[in-house]
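Student: I have a protein model open and I want to learn how to read it. Can we go through it one feature at a time?

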Amino acid sequence: MGRHFPNVNRVPAGEPNINDAPRKVYIASRFVGGKLGAWTLGLIADIISSGHYLGSMPSPNYHWCVLVGDYYHQLQATKQDGKHWNWYDNNVKDWTDKWELYEVGETRFNDNAIASAGIEAIQDMDEVYKLVDNNCQKFTLKLLDLICADGRKKVYTSYSRHKLKAGFIPGELLDESKPEEKVEVEVAFVEDGVAHIELLDRAFELMDEKTPTLAEDETVKEIEKEKDAEKK
């Protein structure tokens, strides 16, 4: 069964490579506006109306993504049938969007491999957006976990009868008449588990520190005032 909304990949077609030249990995944050801002305000209003509002919840007005090279990679969500549905999106960075950048590590994944990792990360998440534990921050950590692996090794596999172009990344099907055929592929793995966990912890702490709670968000206070006025 497919997901409610398709992923959007704007990286030009090419071969995924997990052994490219090292590049810096950033997590990036901005206060959202425009169409996305209208979505976050609608989400906040839904939460307040539902009675599940907690001031300690992270404000969805502050969005997080992963930035490598020219592309940012992010979780998006769209409301339909009373729920907010997650999907993966990437695009060329635009500095007019006023991103705040925080360097967290390095990757040897090229843009195509990162896009494939983004799809892998979103597929591993619940499709329904949840403000506390199924959000852009969770996606960001999942993607960092995949692309910041610092080791490489060759393996032989016939896993799912797919030729894996780059680690977990599915490529062309093997010959249907030879299901036992194995191919050599390169996979990424974590050489230093302690350093890898520290990288993810550092990213989590940064996002937690830099994201205001609903109780601290001025736009939320305005929505609460409007809701209170409606009750009178």
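Student: What percentage of the 232 residues of the protein count as buried?

Tutor: Keep in mind that this is a predicted model. Of its 232 residues, 43% count as buried. The cut-off for buried is under 20% relative accessible area. The protein exposes about 12,500 Å². Carbon and sulfur atoms supply 50% of that area.

Student: How many helices and strands does the protein have?

Tutor: There are five helices and nine strands. Now walk along the sequence. The pattern reads β-α-β-β-β-β-α-α-β-β-β-β-α-α.

Student: Among contacts between residues at least 6 apart in sequence, what percentage join residues at least 24 apart?

Tutor: The value is 78%. Y72 gives you a pair to look at. Y72 lies in strand β3, and A28 is 44 residues away along the chain. Their C-alpha atoms are separated by 8.4 Å. Y72 counts as buried, at 8% relative accessibility.

Student: Which residues touch the most other members of the largest nonpolar core?

Tutor: Start with the general idea. In soluble globular proteins, nonpolar side chains tend to be buried together. Here the largest nonpolar core has 36 residues. V25, I27, F139, L144 and I147 touch the most other members. Several elements give two or more residues to this core, including β1 (23-31), β2 (62-68), α3 (136-147) and α4 (193-210). Helix α2 gives the most, with six residues.

Student: What does I27 touch, leaving out residues up to four places away in sequence?

Tutor: I27 has contacts with W64, C65, E100, L101, Y102, V104, T140, L144, A203, L206 and M207. Find each one in the structure.

Student: Which residues of α2 are buried?

Tutor: They are D111, N112, A113, I114, A115, A117, G118, A121 and I122. Check the length of the helix too. α2 has 13 residues and reaches 18 Å from its first C-alpha to its last. That is close to the 18 Å expected at 1.5 Å a residue.

Student: Where does T140 lie, and is T140 buried or exposed?

Tutor: T140 lies in helix α3. T140 is buried, with a relative accessible area of 0%. Follow its side chain. The side chain of T140 reaches the backbone oxygen of C136 at 2.8 Å. Leaving aside neighbours within four places in sequence, T140 is in contact with I27, W64, C65, V66 and M207.

Student: What does the side chain of Q137 make a polar contact with?

Tutor: Its partner is the side chain of T211, at 3.5 Å. Q137 is also in helix α3. Q137 is buried, with a relative accessible area of 12%. Beyond four places in sequence, Q137 touches P58, W64, M207 and T211.

Student: How many disulfides does a search of the whole structure find?

Tutor: The search finds zero. The cut-off for a disulfide is two cysteine sulfur atoms within 2.5 Å. Take C65 as a case. Its closest cysteine sulfur is in C136, 8.7 Å away, so the two are too far apart for a bond. C65 is buried, with a relative accessible area of 0%. C148 also counts as buried, at 6%.

Student: What is the phi of D81 near?

Tutor: First, the general idea. Most residues other than glycine have a negative phi. The phi of D81 is near 55 degrees, a positive value in a residue other than glycine. D81 is found in the loop between β3 and β4 (83-92). D81 is exposed, with a relative accessible area of 68%.

Terms used:
Residues numbered from 1 in each chain as written. Predicted model: local features only at pLDDT ≥ 70, side-chain atom pairs only at ≥ 80, totals over all residues. Heavy atoms only, no water. Buried < 20%, exposed > 50% of the residue type's maximum accessible area, 1.4 Å probe, protein only. Core = buried A, V, L, I, M, F, W, Y, C linked by side-chain atoms within 4.5 Å. Helix = DSSP H or I, 4+ residues; strand = E, 2+ residues; numbered from the N terminus. Contact = heavy atoms within 4.5 Å. Areas by Shrake-Rupley, 256 points an atom, 1.4 Å probe, with all protein chains shown as cover. Polar contact = N/O pair within 3.5 Å; in protein donor to acceptor, adjacent residues only side chain to side chain. Expected span 1.5 Å × (residues − 1).
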